[in-house]
Amino acid sequence: MIFNIPVKHIAMTIVSFGLPFAVLMTIVNYLLDGHIQANSFLLNFFGFGLFMGVLTLFKQKEDLHQLTKGKILPEHWQPLQEKQLHSSMSLTEVAENLKQEKPFKNVKLQKETGRITFKTNATVDSFFGQKGCVEQIDFENNHFTYRIQSRSFYFFDQMGIPLNLKNIQRISALLSGK
């Protein structure tokens, strides 16, 4: 960990910003000059990747710091956030309550047998949006057990990690009635 950020996450962030930029700039340079320069590609890749990586990683760290009240754990940096909890609400009640919650009002909700899936739109904090589900995994003593999952739409979209945790926290609060 560097600055309490996992090295794998740092590397993925640098690659997800640096590689597309370097490829785009290499194509532009080839069209203008007719040459492909490896040193230009590497400079664009690492330069832009590091610059954008530093900016976004510290924003993500600050967002996670607020969401976890200063107790950031390594699992908070995982692209897939997941939680299991018990609730007295049925899946139909969960779907109706989600439609009333501010962050989920404009979200595409689909109710399937035993689960509700959602897909959020792209935002500044998540380039491609999030997708997730609330899945009923058990029913016992008039209480439902649910598995809640949220992740970025594409695995390489590292920007949405704090939003995934926020989605889990919002749905958990809704299921527990807080």
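At what angle do helix 2 and helix 4 pack, and how far apart are their axes?

Modeller: The model is a predicted one, and what follows should be read as a description of that prediction. Helix 2, residues 38-67, packs with helix 4 at an angle of about 20°, and the two axes lie 9 Å apart. Angles under 35 degrees count as roughly parallel, and helix 2 and helix 4 are therefore roughly parallel to each other. In passing helix 4, helix 2 makes a left-handed crossing. On the side of helix 2, the contact is formed by Gln60, Asp63, Leu64 and Leu67. Helix 4 contributes Pro162, Leu165, Lys166 and Gln169 to this contact. By class, the residues where helix 2 meets helix 4 comprise four nonpolar, two polar and two charged.

Helix 4 also packs with helix 3, which spans residues 91-100. The axes of helix 3 and helix 4 come within 10 Å and cross at roughly 125°. That angle makes helix 3 oblique to helix 4. The crossing of helix 3 and helix 4 is right-handed. Here Val94, Asn97 and Leu98 of helix 3 touch Ile171, Leu174 and Leu175 of helix 4. The contact of helix 3 with helix 4 holds five nonpolar residues and one polar residue, with no charged residue.

The space in the largest pocket amounts to about 260 Å³. Its lining consists of 13 residues, and those nearest the centre of the pocket are Pro103, Thr120, Thr123, Leu163 and Arg170. Sorted by class, the lining of the largest pocket contains five nonpolar, six polar and two charged residues.

Helix 1, residues 7-33, and helix 2 pack at an angle of about 140°, and their axes are 7 Å apart. Angles over 145 degrees count as roughly antiparallel; helix 1 and helix 2 are therefore oblique to each other. Helix 1 passes helix 2 in a right-handed crossing. The contact of helix 1 with helix 2 draws on 15 nonpolar and eleven polar residues, and it has no charged residues.

The volume of the largest cavity is about 40 Å³. Met25, Thr26, Asn29, His35, Gln37, Ser40 and Phe41 line the largest cavity. Helix 1 and helix 2 are the elements that give two or more residues to this lining. Of the elements, helix 1 gives the most, with three residues. The lining of the largest cavity has two nonpolar and five polar residues, and no charged ones.

Conventions. Residues numbered from 1 in each chain as written. Predicted model: local features only at pLDDT ≥ 70, side-chain atom pairs only at ≥ 80, totals over all residues. Heavy atoms only, no water. 1 Å grid on protein atoms, 1.4 Å probe; cavity = no way out; pocket = protein on both sides within 12 Å on 5 of 7 lines; lining within 4 Å. Points joined across faces, edges and corners; volume = space filled by probe spheres on them. Nonpolar A, V, L, I, M, F, W, Y, C, P; charged D, E, K, R; others polar. Axes fitted to C-alpha atoms, helices over the stretch in contact; angles between N-to-C directions. Helix = DSSP H or I, 4+ residues; strand = E, 2+ residues; numbered from the N terminus. Parallel < 35°, antiparallel > 145°, perpendicular 65-115°, else oblique. Left-handed = near helix turned anticlockwise from the far one by under 90°. Contact = heavy atoms within 4.5 Å.
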